[in-house]
Amino acid sequence: MTIILRPATSDDALGILERRNELSTRAMAIQTSPITHDEHLAWFQKRLSDPNSRIFIAEVPEIRVPEVGHIWLQRVGNSAGISVMVTEWERGHGYGYEIVLNAIELCADWVDRFIAKIRIENRV
C-alpha cells in the first residue's frame, strides 16, 4: 500500500492529540504523561508557524480510515529531530518505517541529518 504524506493543517490538531495520548503511545514516548487539549493546541499552532518545524499527516488512500499516523520534524542547524506516531489500530503493518522514509525524502534538501530518540522498550 502507498503512504502519502501531506502537510498538517490546523484541522489535524485533534487527531494528532488523540494519537499522542493513546496509552500505548505514551508508554513508548520520551514524555509519558498525557497532554491537555490546551497545551497541545498551543504547541501545535506554534509548530505550524515555525519555519524550522514540519508536520506531515500519513495517509493510505486504499483503506477505510486513510489517516494512519503523523511525523513531526524539528530542525536545529543542519539536523532534524524526528517524532513519528502510528495510530494504535494500524501498528504492525510497517507504516512507521515508510512514514520515516517518505519524510526523509521530502526533507532531504532541508537538512543533512535526521535524528530519532527511541526507547529501548520500543521494539516496533
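Me: Which exposed residues sit on the face of H3 turned away from its buried side?

Reply: Happy to start there. This is a predicted model, where local features need pLDDT of at least 70, side-chain atom pairs count only at pLDDT 80 or more, and totals for chains, interfaces and linings use all residues. Residues are numbered from 1 along each chain as its sequence is written, and side-chain values use heavy atoms, leaving out hydrogens and water. Taking exposed as over 50% relative accessible area, buried as under 20% and partly exposed in between (1.4 Å probe, protein chains only), that face carries Asp38, Ala42, Lys46 and Ser49.

Me: And which residues of H3 are buried?

Reply: Helices here are DSSP runs of H or I with at least four residues, strands are runs of E with at least two, and both are numbered from the N terminus. Seen down the axis of H3, the buried residues fall within an arc of 65° (directions from the helix axis to the C-beta atoms), so they line one face of the helix. They are His40, Phe44 and Arg47.

Me: What covers the buried residues of H3?

Reply: Contact means heavy atoms within 4.5 Å. Helix H3 (residues 37-49) packs on the sheet and touches E2 and E3. The cover of its buried residues includes E2, E3 and helix H1 (13-21).

Me: What is the order of the strands in the open sheet?

Reply: Two strands pair if DSSP finds at least two bridges between them. The sheet has five strands with mixed pairing; E2 (residues 53-59) and E3 (residues 67-76) run antiparallel, joined by seven bridges. The order is E1-E2-E3-E4-E5.

Methods:
Axes fitted to C-alpha atoms, helices over the stretch in contact; angles between N-to-C directions.
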